Amino acid sequence: MKTVVAAIALPLLAAAAPAAQASIPPSFGVMAVRSGSPIHYAQMNAAGQKFWLGGSTSSYCPSIDGIVCPPGNQTVFASGGNAMDVEVPGGQQVYVDPTGALSFTQAHSASIPAGSAVGGLIYETGEPWNHYTFSGWGATGFMACPTSDNRWQVFAAMQNATVPSGDVDDCLGFSALALTYNGDVPAWQYI
Ligand SMILES: *[C@@H]1O[C@H](CO)[C@@H](O)[C@H](O)[C@H]1NC(C)=O
Ligand SMILES: *[C@@H]1O[C@H](CO)[C@@H](O)[C@H](O)[C@H]1NC(C)=O
């Protein structure tokens, strides 16, 4: 994979205040930083139990009396980054599947493929930005890999990932800024 070029200037984000130090880290959304690339400033979105840069969030909320459905249009990770910020009972876990793809579990299921990395996602506090990363399997954070339908799928940045194009050199390493989310739980469940 190509190396991340550190981006110093983030004018678009200047208005976002860094998170205060707290004992429980906040929920957060992720924005990719890879200057001079098509994924620069792209939002990370959950869809199809995987993650993508750009596109839109895919979510579901049942029509049941007593449930007030959240908008479900923003992808937000729960405190710590190893689960999604959802209302569905049982929650939804985040893991890295054996191909290296960042993934989340289906609602009402704890099923995770054998050989996945569970619990290895990290929320790192920093100044001025907090970051989301993965350091299992010798990975150095995340990379985005092009798909045949013109999307960018998120993988752990490691040479032996099994990526859509078949060649990790097509992938772009990126820095994953963790932007604090303040608000009601954003989704019932992601799908
Ligand atoms: C999500 O939907 C709400 C309500 O429809 C809307 O106000 C908000 O702008 C949307 N947010 C995003 C990130 O699309
Ligand atoms: C990829 O390489 C890492 C580090 O050597 C190793 O831990 C991991 O099992 C490998 N994954 C696959 C799918 O081969």
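**Exercise 1. Identify the bridge partner of Phe142 in strand E12, then describe the pairing of strand E10.**

Solution. In E12, Phe142 is bridged to Phe174. This is a predicted model, in which local features need pLDDT of at least 70, side-chain atom pairs count only at pLDDT 80 or more, and totals for chains, interfaces and linings use all residues. Residues are numbered from 1 along each chain as its sequence is written, chains are lettered from A and ligands numbered from 1 in the order in which they are written, and side-chain values use heavy atoms, with hydrogens and water left out.

Step 1. Helices (H or I, at least four residues) and strands (E, at least two) are DSSP runs, numbered from the N terminus. The chain has zero helices and 13 strands.

Step 2. Two strands pair if DSSP finds at least two bridges between them. E10 and E12 (residues 172-181) are antiparallel and share three bridges.

Step 3. Strand E11 (residues 152-156) is also antiparallel to E10, and five bridges join the two. There, Ala156 stands opposite Phe142.

Step 4. E10 and E11 make a hairpin with five residues between them, and Asn150 in the turn has a positive phi of about 60 degrees.

Step 5. A residue is buried under 20% relative accessible area, exposed over 50% and partly exposed in between (1.4 Å probe, protein chains only). In E10 (residues 142-146), four of the five residues are buried. For the chain of 191 residues, the buried share is 46%.

**Exercise 2. Describe the aromatic pair of Phe28 and Tyr123 and that of Phe51 and Phe77.**

Solution. A pair of aromatic rings is described by the distance of the centres and the angle of the planes.

Step 1. Rings of Phe, Tyr and Trp (its six-membered ring) pair if their centres lie within 6.5 Å; planes under 30 degrees apart count as stacked, over 60 as edge-to-face and the rest as tilted. The structure holds ten such pairs.

Step 2. Phe28 and Tyr123 have centres 5.1 Å apart and planes at 35 degrees, a tilted pair. Phe28 lies in strand E1 (residues 27-33) and Tyr123 in strand E8 (residues 121-124), so that the pair links distant parts of the chain, 95 residues apart. Phe28 is buried because its relative accessible area is 0%; Tyr123 is buried because its value is 12%.

Step 3. Phe51 and Phe77 are stacked, at 5.3 Å centre to centre and 25 degrees between the planes. This pair also links distant parts of the chain: Phe51 is in strand E3 (residues 50-53), and Phe77, 26 residues apart from it, is in the loop between strand E4 (59-60) and strand E5 (94-96). Both Phe51 and Phe77 are buried.

**Exercise 3. State where the charged end of Arg151 sits, and which side chain is in polar contact with that of Ser27.**

Solution. Step 1. A charge sits over a ring if NZ of Lys or CZ of Arg is within 6 Å of the ring centre and within 35 degrees of the ring normal. The charged end of Arg151 is over the ring of Trp52, 3.7 Å from the centre.

Step 1. A polar contact is a pair of N or O atoms within 3.5 Å; within protein, one must be able to donate a hydrogen and the other to accept it, and residues adjacent in sequence count only if both atoms are side-chain atoms. The side chains of Ser27 and Asp85 make one of 3.1 Å. Ser27 is in strand E1 and is buried because its relative accessible area is 16%.

**Exercise 4. Which residues surround ligand 2, and which are around ligand 1?**

Solution. Step 1. A residue is near a molecule if one of its heavy atoms lies within 4 Å of it. Ligand 2 is surrounded by Pro98, Trp137 and Asn160, whereas ligand 1 has Pro71, Asn73 and Gln74 around it.

Step 1. An N or O atom in the side chain of Asn160 is 2.3 Å from an oxygen atom of ligand 2. Accessible areas come from the Shrake-Rupley method with a 1.4 Å probe; for residues, only the protein chains shown count as cover. Of the 360 Å² that ligand 2 has on its own, the protein covers 42%.

Step 2. An oxygen atom of ligand 1 lies 2.2 Å from a polar side-chain atom of Asn73. Ligand 1 taken alone exposes 360 Å², and the protein buries 27% of that.
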